[in-house]
Amino acid sequence: MTATGGGLSPAARHLGRQALPAGDGWAAEGTGTTGGATAEQVHVVSSRAELVAALGGDNATNRGNATPKIIYVRGVVDGFEGPDGALLDCVDLADPAYSLPAYLAAYDPAVWGRVAPSGPLEAARVRSVANQTRQTQINVGPNTTVVGLRGARLTGLTLMLDGAHNTIVRNLTFDDARDCFPAWSPTDGDAGNWNSQYDQVSVRRSEHVWIDHNTFTDGDNPDSGQPVRFGRPYQVHDGSVDVTHTASLVTVSYNRFVGRDKVMLIGSSNTVAPDVGRLKVSLHHNLFDGVLQRLPRVRFGQVDVWNNHYRLAGDGFEYAIGVGVQSAVVAENNFFSLGAGVAAGDLLYDWGGTAVTTRGNWVRAAGDRARPVDLVAAYNGAHEPDLAPDAGWTPTLRRGPVLPAPAVPAVVGVLAGADRLPL
């Protein structure tokens, strides 16, 4: 770790101190988002230990470290890196009383029934999760900028922004934030589901957060490659960027989400009263490529979704924009490229919401030309009950002109994702 940031190019130094431009989405409201722009502490890190040290020195308490700081990531930082630098595996993090074969034998619905797991094996799994959380959840404090140098990658870890006000995360590739100990939830849906714990970036109880020019993938460990257990896919990944627990004023721009299942959850429960009036998020110029759901799924928040490109296909596709309880989504001038089996009426999903504003969106269905489509009308034509076409607010925090939807694929294709910024 270099405390002085030596060896950085002028472009990298400029990028590390760059604040969110005025008017650029919800994170620009009020005081705006500057991250570590005023920092005297500048670090270059290339390991988990160096990253934790740069964030304050103790992963257990780093979330409270509000000292302005700029952290450049060089190369690959692996969340499974142990104290001696060697890589741990799931066996190393498991509680002595836990094993997956024993868990599967004990809680097979044919044996256990359709009730939540309990008892010594489930308690051992929970202790195992706590072990992994201490290892792979990297806690970030306020007034921080984390920026990747060319080719930088964070693998097997979660960046946890919990109370991390005024934080910037840019130019990083995130992959394989895997859960060693997924939970079996037999009452989740009609047939039960496996649920994992770890997002790639989790934003909780934070304001003024800018997530920009990153790439999110599962690397060489996609959920599609996992086995089926208890008749359901054994899912080891959760979200890419989840915004929950009263977080607000977040801008997610020029990112690339590739080949993932769950991408972005905004609001984690239908019954969290403190989320009312919070969860204000802007998404613009992102590429959603071969992803399956939560693009985003929204509860409560005023969420502005504009000038994004969606490339959607495959048997596993579920929906793009989830309209949840008391949500107020505006989806404007997005472009949807659809593969066989995906129709315009599939792009919205009603998760208990009542209204969504959609205008200026275009769809290019498989074998057809691109054309403007009223997404609400398409949804209502295929589903009951109808969604109303007015979410009740008009976004004002948009930097620069809104592109016409047909121009979006070219612009987003060139600019979105890691390693597209000048460094």
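I took helices (H or I, at least four residues) and strands (E, at least two) as DSSP runs, numbered from the N terminus. The model is predicted, so local features need pLDDT of at least 70 and side-chain atom pairs count only at pLDDT 80 or more, while totals for chains, interfaces and linings use all residues. Residues are numbered from 1 along each chain as its sequence is written.

Entry 1, strands. I counted two strands as paired if DSSP finds at least two bridges between them. I found β12 (residues 201-204) parallel to β7 (residues 158-162) over four bridges. β12 also pairs in the parallel sense with β17 (residues 241-244), over four bridges. I noted S202 of β12 opposite M160 and opposite D242 in β17.

I took a pocket as an open set of points on a 1 Å grid over the protein atoms alone, with protein on both sides within 12 Å along at least five of seven lines; lining residues have an atom within 4 Å of a point. I listed 40 lining residues, with Q235, D261, K262, Q293 and R294 nearest the centre. Strands β12 and β17 are among those that each supply at least two lining residues, and β11 gives the largest share, three.

I recorded a volume of about 320 Å³ for the second largest pocket. Its lining has 19 residues, and D24, H213, Y254, H284 and R399 lie closest to its centre. β13 (207-212) and α8 (408-415) each supply at least two residues of this lining.

Conventions:
Heavy atoms only, no water. 1 Å grid on protein atoms, 1.4 Å probe; cavity = no way out; pocket = protein on both sides within 12 Å on 5 of 7 lines; lining within 4 Å. Points joined across faces, edges and corners; volume = space filled by probe spheres on them.
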